[in-house]
Amino acid sequence: MSIVRITYFNLQALAEFNRLLFVYSGHEFEDERLEREAWPARKPEAPLGSLPYIRLENGNEYPQATSIARYFAEKYGLRGKTEEEKLHADVVVDLVRFDIIPSLTRIFLAQDAQMKEILKKEAHEKIPAWLEKLESNFIKGENTVLESGASWADIALFNCVNDFFPAFEIKVDEKNVKINKVVQSVKANPKIAAWLEKRPKCAL
Ligand SMILES: N[C@@H](CCC(=O)N[C@@H](CS)C(=O)NCC(=O)O)C(=O)O
């Protein structure tokens, strides 16, 4: 039986959430990074023709970064202790993965300079408003999203603030004390700190 393999470009972008979850949980994984030129030859064999995708220990392959993360969060006891906590953590993960991050990747992908400026302005207005709501309504632990302790929502939030925000010149306001505590707490985790030191350096 082989170890789990995550295949993506040599970027943090969509797959770093998965890598961080493996690292945080101490789950050994193969970090396969494809160069752009190698992708066309691999694309036909990818389960949805996109990256990232995972090959499980049994050889089965699955795409969709957030679905993969949810599967492993469940396996590692990081989805929340009750059904309602799972809903709560999902709200935060979905906000990060399907609202905040796409508002940034749209800027990255826009071809035209004027469109980039419009999207940048929109993101710089929307993100602080989302973070303020997150701060007031969804951070329930001392330095975790959930009252019961660490969850995949902490990792999603850390990944967004640490890996996406700097590339788009977004800062978390100091008044978002609880969000900053969650981010600092993940960053201080010894396994995460070691990974941040050793992972390949990428622009995004
Ligand atoms: N919803 C998918 C999005 C996958 C996606 O858009 N992947 C891009 C890279 S970030 C890709 O595969 N691009 C190359 C291609 O489509 O051929 C996920 O979250 O995993």
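The model is predicted. The protein has 8 helices and 4 strands. It divides into two parts: domain 1 (4-77 + 192-198) and domain 2 (83-188). With a radius of gyration of 17 Å, close to the 17 Å that the globule rule gives for 204 residues, the protein is as compact as a globular protein of that length.

**Overall fold**

- Along the sequence, the elements run β-α-β-α-β-β-α-α-α-α-α-α.
- The C-alpha trace spans about 45 × 45 × 30 Å along its principal axes.
- Buried residues make up 32% of the 204 residues of the protein.
- Take the contacts between residues at least 6 apart in sequence: 69% of them join residues at least 24 apart.

- The centres of domain 1 and domain 2, taken over C-alpha atoms, are 21 Å apart.
- Where they meet, 11 residues of domain 1 are in contact with 10 residues of domain 2.
- On the domain 1 side, α1 (16-25), α3 (65-75) and α8 (190-198) each supply at least two residues.
- Helix α1 gives the largest share of that side, with 5 residues.
- By type, the domain 1 side that touches domain 2 holds 8 nonpolar residues, 2 polar and 1 charged.

**Around the ligand**

- The residues around the ligand are Ala 13, Leu 14, Lys 43, Ser 50, Leu 51, Pro 52, Pro 63, Gln 64, Ala 65 and Thr 66.
- This shell splits into 6 nonpolar, 3 polar and 1 charged.
- Ala 13, one of the shell residues, sits in the loop between β1 and α1.
- Phi of Ala 13 is near 30°, a positive value in a residue other than glycine.
- Ala 13 has 22 other C-beta atoms within 10 Å, so it counts as buried.
- Pro 52 also belongs to the shell. It lies in the loop between α2 (39-42) and β3 (53-55).
- The peptide bond leading from Leu 51 to Pro 52 is cis, with omega near 0°.
- As background, most residues other than glycine have a negative phi, and most peptide bonds are trans.

**Helix α1**

- Of the 10 residues of α1, 8 are buried, so the helix is largely enclosed by the rest of the structure.
- Those buried residues are Glu 16, Phe 17, Asn 18, Leu 20, Leu 21, Phe 22, Val 23 and Tyr 24.
- Their cover includes β1 (4-9), β2 (29-34), α3, α6 and α8.
- Just after α1 comes Gly 26, with a positive phi of about 70°.
- Asn 18 is part of this helix. It counts as buried because it has 24 C-beta neighbours inside 10 Å.
- Beyond its neighbours within four places in sequence, Asn 18 contacts Ile 6, Pro 52, Ala 65, Ile 68 and Ala 69. Pro 52 and Ala 65 are also among the residues around the ligand.
- Asn 18 and Arg 70 are 52 residues apart in sequence, and their C-alpha atoms are 9.3 Å apart in space.

**Helix α6**

- Helix α6 (residues 152-164) has 13 residues, which should span 18 Å at 1.5 Å a residue; its end C-alpha atoms are 17 Å apart, which agrees.
- Most of α6 is covered, with 12 of its 13 residues buried.
- Among the buried residues are Trp 152, Ile 155, Leu 157, Phe 158, Cys 160 and Phe 164.
- Asp 154, Asn 159 and Asp 163 of α6 are buried too.
- The elements that cover α6 include α1, α3, α4 (83-109) and α7 (177-188).

**Two more residues**

- Leu 131 is in helix α5 (residues 113-137). With 22 other C-beta atoms within 10 Å, Leu 131 is buried.
- Leaving aside its neighbours within four places in sequence, Leu 131 contacts Val 172, Asn 176 and Ile 179.
- Leu 131 and Asn 176 are 45 residues apart in sequence, yet 7.5 Å apart in space, C-alpha to C-alpha.
- Glu 169 lies in the loop between α6 and α7. Its phi is near 55°, a positive value in a residue other than glycine.
- Glu 169 has 9 C-beta neighbours inside 10 Å, so it counts as exposed.

Key
Residues numbered from 1 in each chain as written. Predicted model: local features only at pLDDT ≥ 70, side-chain atom pairs only at ≥ 80, totals over all residues. Near = placed C-beta within 6 Å. Nonpolar A, V, L, I, M, F, W, Y, C, P; charged D, E, K, R; others polar. Domains from an automatic or database assignment. Contact = placed C-beta atoms within 7 Å. Rg over C-alpha atoms; globule rule 2.2 N^0.38 Å. Buried ≥ 20, exposed ≤ 12 C-beta atoms within 10 Å, placed from the backbone. Expected span 1.5 Å × (residues − 1).
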